[in-house]
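Please look over the fold below, from single residues up to the whole chain. A short report follows.

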Amino acid sequence: MHTYEGMFLLDSTKAAAAWDDTVKQVHDILTKYDSEIVASRQWDERRLAYPVNGHKKGTYLLTYFRADGSKLKEIVSDCHLSDVILRELILKVHPKLEEQLVNQAMASNPNVDAENARDDDLDDRPRRRRRDD
């Protein structure tokens with residue numbers, strides 16, 4: 001069994017109405033195929049760059065789980081059948097990075113971290129010279 005990182009893009013209207021039920025649907029898909037959920041949390045709610053199945057906003061669920069690699073195809077196909085999951089991305093986690101990634105994901109706040117990163121980046125970016133100079 002390997003550890004995988006799953007980023008699930010969820011229907012934000014259904015997630016806002018019943019967050020626990022929405023997360024349970026995702027977890028049920030994973031546990032249906034004997035996956036062990038290591039960590040799971042709401043990552044962020046954002047306006048999407050382009051409409052996905054007619055949705056302009058989505059809520060991200062970050063999940064770390066252990067599963068047999070041969071079961072991933074079935075997990076992905078069940079995600080495609082779900083009316084809550086708009087998209088999914090599942091990546092295999094390197095064993096040396098597993099503990100660090102899980103701890104970081106559960107400790108960080110994406111909205112605050114993104115705002116702080118933007119503020120820091122603006123101050124340190126190089127300035128272009130104007131052609132007139």
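## Ser 82 and its surroundings

Leaving aside neighbours within four places in sequence, which residues is Ser 82 in contact with? They are Gln 25 and Ile 29. The model is predicted. Ser 82 sits in the loop between α3 (72–81) and β4 (85–92).

Is Ser 82 buried or exposed? Its relative accessible area is 16%, so Ser 82 is buried. The cut-off for buried is under 20%. The Ser 82 side chain also has polar atoms placed by backbone nitrogens. The nitrogen of Val 84 lies 3.1 Å from a polar atom of that side chain. For the backbone nitrogen of Ile 85, the distance to a polar atom of the Ser 82 side chain is 3.4 Å.

## Chain overview

The chain holds 5 helices and 4 strands. Along the sequence they follow the pattern β-α-α-β-β-α-β-α-α.

Of the 133 residues, 35% count as buried. Take the contacts in the chain with a separation of 6 or more: residues 24 or more positions apart account for 73% of them. The chain exposes about 9,200 Å². Carbon and sulfur atoms supply 47% of that area.

## The sheet

The 4 strands form an open sheet in the order β2-β3-β1-β4, with antiparallel pairing. β2 (36–52) and β4 are the edge strands, and each pairs on one side only. From one strand to the next, the twist averages 20°. Strands of a sheet pair through backbone hydrogen bonds, either parallel or antiparallel.

What does β1 pair with? Strand β1 (residues 2–11) and β4 pair in the antiparallel sense over 7 bridges. Met 7 stands opposite Leu 89 in β4. Leu 10 has Ile 85 of β4 as its bridge partner. Ile 85 is also the residue whose backbone nitrogen lies 3.4 Å from a polar atom of the Ser 82 side chain. β1 and β3 pair in the antiparallel sense over 10 bridges. There, the bridge partner of Leu 9 is Tyr 60 in β3. β1 is mostly covered, with 7 of its 10 residues buried.

## Helices on the sheet

Helix α2 (residues 19–32) lies across β1, β2, β3 (55–67) and β4. It runs at about 45° to β3. Helix α4 (residues 98–107) packs on the sheet too, touching β1, β2 and β3. The direction of α4 makes about 60° with that of β2.

Which residues of α4 are buried? They are Glu 98, Val 102 and Ala 105. These residues cover an arc of only 70° around the axis, so they lie on the same side of α4. What covers the buried residues of α4 includes β1, β2 and β3. The face turned away from the buried side carries the exposed residues Glu 99, Gln 100 and Ala 107.

## The loop between α2 and β2

Tyr 33 lies in the loop between α2 and β2. Is Tyr 33 buried or exposed? With a relative accessible area of 14%, Tyr 33 is buried. Not counting residues up to four places away in sequence, Tyr 33 touches Lys 71, Glu 74, Ile 75 and Asp 78. Tyr 33 and Glu 74 are 41 residues apart along the chain, with their C-alpha atoms separated by 7.9 Å.

Asp 34 lies in the loop between α2 and β2 as well. Asp 34 counts as exposed, at 59% relative accessibility.

## Positive phi values

Most residues other than glycine have a negative phi. Two exceptions deserve a look. Phi of Asp 34 is near 60°, a positive value. Phi of Asn 53 is near 55°, again positive in a residue other than glycine.

Asn 53 is found in the loop between β2 and β3. Its relative accessible area is 58%, so Asn 53 is exposed. The cut-off for exposed is over 50%.

Notes. Residues are numbered from 1 along each chain as its sequence is written. This is a predicted model: local features need pLDDT of at least 70, side-chain atom pairs count only at pLDDT 80 or more; totals for chains, interfaces and linings use all residues. Side-chain values use heavy atoms; hydrogens and water are left out. Helices (H or I, at least four residues) and strands (E, at least two) are DSSP runs, numbered from the N terminus. Buried means under 20% relative accessible area, exposed over 50%, partly exposed in between (1.4 Å probe, protein chains only). A polar contact is a pair of N or O atoms within 3.5 Å; within protein, one must be able to donate a hydrogen and the other to accept it, and residues adjacent in sequence count only if both atoms are side-chain atoms. Contact means heavy atoms within 4.5 Å. Two strands pair if DSSP finds at least two bridges between them. Axes are lines fitted to C-alpha atoms, for helices over the stretch in contact, and angles run from 0 to 180 degrees between N-to-C directions. Accessible areas come from the Shrake-Rupley method with a 1.4 Å probe; for residues, only the protein chains shown count as cover. The arc is that of the directions from the helix axis to the C-beta atoms.
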